[in-house]
Amino acid sequence: MDSIFQLPDDLLATLIESFPCRDAQIRALATLLYPRAAPCRNLVVHGTEATGKTAITTGLLEALRSGTDHVPSLNYAVVKSVECVTARHLFERTVGLVADALEWEGVASVGRCDTLAALTVELSRMLKDDVERENGDRRFVLVFDGIDRQREAPPTLLPALARLSEIIPNLTTVFILTTPSPSLLRVSSTPQLYFPPYTKTDYVTILSRPPYTPPSLPNTTARETADLWARFAAAVHDALAKPASRSLPGLARACAALWPRFTAPVAAGTHRAREFTKLLVAARAHFQDENILEPGITLLSNNSRTGGAVAPPTSSSSNNNNGNGVVSKKTKGNEAAATTKDLATLLPPTARLLLVAAYLASHNPPRHDQTLFSTWHSGRRRRGGGGMAATTRVTKRGSKHRKIARKLLGPSAFVLERMVAIYAATRREWDNDDGGEEKREATVDGDVGMAIATLASLRLLVRVGGAGGGDTMDRGGKWRVGVGWEVIRGVGRSMGVEVEEWLIE
């Protein structure tokens, strides 16, 4: 005896090949929609953006409609809420799409559809006539895509749409949304299908398939290009996925923008495709440059340079001397901010001050904080390493050992309370106003917490230790700065601060 529970494995295999890393979701969706499996009345498909909810649902329904000639037929209609500006527009759009899917002849007799009651009447008339014409063997799936973002929606919209399947036989209503609330449909036993975000392995697997794979590089084989592309996609994910490109389209655009610059040494013949580490070191500046990933910033930078508003560095240096051939610090900071679109221009002032304070906390020993940032003895802070910037020392045997500059070493962990203390101690001196107004008090307010959260989300500050999931403002939490010396020097000069003067060598 054949089982009444069957799935079209040949259709599912094709769909799984088209949408990798979504095997479980495709099979669960087919089970809840296929007429010979376990069709349900209502189904909630939810997940974050760009996880394949709409594409997989539409592709599965299209495959089931076109490939079920010898089984009870299935038809569907997809209503996109983003195309409907009002609730009435949604109702009339739904009636029109259902009529087109059923090829209903009485579409000209459909009147105004202003309310949910009118929508129920029109759908009941069309779908019941279709069921009677097919002797009860046809099933219809009505999909509402992005229904949680419908504009001017009445409060009873979703519960009323969920009741349609109780009034109309052989109807399945699918709701595609981002985050379902506990009392979304006010109907018990509604199955929910979750589309989780892609992991790093999933991203690399998807990007390693057409249409994302690039053409073969010169002087390399197709296999070497594919291996290099997979490792490159993993590196782009580690560098940009969490802070900037949190979706598959964003990561694909980032890879497409960085790939020509990353493989330029291979095309030039200076490096081989197998030398991934050397290529990554050579392209490190491109991974830190937002101009490549944001065309608007590039266009603005080019316009500002060609418009003559910003002078070249050489002319600015020659025109802003102090009479002794020395360029002022303020002029250097203005040049750095004007000629590059880096963190100095993208971050707000509080975030920049905290980032510099974090860098000092990571590269200065805690025992020197009172010497550098305290005004207890002399009334002014001691810069230049506090008079302790000795770079060599003589041992008992007479041999000299040169110390490595701390800015060249890796950052060390620090406590959040120490970074905030450095920020509070140096804010008056660093946060200068050009208007000559009185400097603000060095207080720790809500802007500090917001700036710390921003830096943590951009991974400019990285949480270390076992308390990675704790509160961001935990004073005992340990952090580490996530930027290098070149970046922090530009951020400091944008505020007129020479960070090197505040480092203990």
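1. The model is predicted, so to speak of a local feature a pLDDT of at least 70 is needed, side-chain atom pairs count only at pLDDT 80 or more, and totals for chains, interfaces and linings use all residues. Residues are numbered from 1 along each chain as its sequence is written, and side-chain values use heavy atoms, with hydrogens and water left out.

2. **The chain as a whole.** You will find 23 helices and 10 strands here; these are DSSP runs numbered from the N terminus, with helices being H or I of at least four residues and strands E of at least two. Of the 505 residues in the chain, 41% are buried. Buried stands for under 20% relative accessible area, exposed for over 50% and partly exposed for what lies in between, with a 1.4 Å probe and protein chains only. The accessible surface comes to about 26900 Å², and carbon and sulfur atoms hold 52% of that; the areas come from the Shrake-Rupley method with a 1.4 Å probe, and for residues only the protein chains shown count as cover. Taking contacts between residues at least 6 apart in sequence, 70% join residues at least 24 apart, where contact means heavy atoms within 4.5 Å.

3. **Helices α8 and α9.** Two packed helices are described by the angle between their axes and the distance between the axes. For α8 (residues 200–207) and α9 (residues 222–241), the axes come within 9 Å and cross at roughly 140 degrees. That makes α8 oblique to α9. Axes here are lines fitted to C-alpha atoms, for helices over the stretch in contact, and angles run from 0 to 180 degrees between N-to-C directions. Angles under 35 degrees count as roughly parallel, over 145 as roughly antiparallel, 65 to 115 as roughly perpendicular and the rest as oblique. On the α8 side the contact is made by Lys200, Tyr203, Val204 and Leu207, and on the α9 side by Trp229, Ala230, Ala233, Ala234, His237 and Asp238. By class, this contact has seven nonpolar, one polar and two charged residues. In that scheme Ala, Val, Leu, Ile, Met, Phe, Trp, Tyr, Cys and Pro are nonpolar, Asp, Glu, Lys and Arg are charged, and the others, Gly among them, are polar.

4. **The link between those two helices.** Please have a look at Pro211, which lies in the loop between α8 and α9. A cis peptide bond joins Pro210 and Pro211, with omega about 5 degrees.

5. **Helices α19 and α22.** The axes of α19 (residues 349–363) and α22 also come within 9 Å, crossing at roughly 70 degrees. The two helices are therefore roughly perpendicular to each other. Thr350, Ala351, Leu354 and Leu355 of α19 meet Asp447, Val448, Ala451, Ile452 and Leu455 of α22. The residues of this contact divide into seven nonpolar, one polar and one charged.

6. **Two buried threonines.** Thr94 sits in helix α4 (residues 87–102) and is buried, at a relative accessible area of 0%. Leaving aside neighbours within four places in sequence, Thr94 is in contact with Val79, Leu119, Leu123, Leu142 and Phe144. Thr173, in strand β4 (residues 171–177), is buried at 0% relative accessibility. Not counting residues up to four places away in sequence, Thr173 touches Arg41, Asn42, Leu43, Leu142, Phe144 and Leu161.

7. **Positive phi values.** Glu152 has a positive phi of about 55 degrees although it is not a glycine. This residue lies in the loop between β3 (139–145) and α6 (157–162) and is exposed, with a relative accessible area of 61%. Arg459 has a positive phi near 60 degrees. Its place is the loop between α22 (446–457) and β9 (461–464), where Arg459 is partly exposed at 35% relative accessible area.

8. **Towards the end of the chain.** Helix α23 (residues 485–494) has as its buried residues Trp485, Ile488, Gly490, Val491, Gly492 and Ser494. Just after α23, Gly496 takes a positive phi of about 80 degrees.

9. **A loop residue to check.** Ala38 is in the loop between α2 (23–33) and β1 (42–47) and counts as partly exposed, at 34% relative accessibility. Ala38 and Leu7 are 31 residues apart in sequence and 9.9 Å apart in space, C-alpha to C-alpha.
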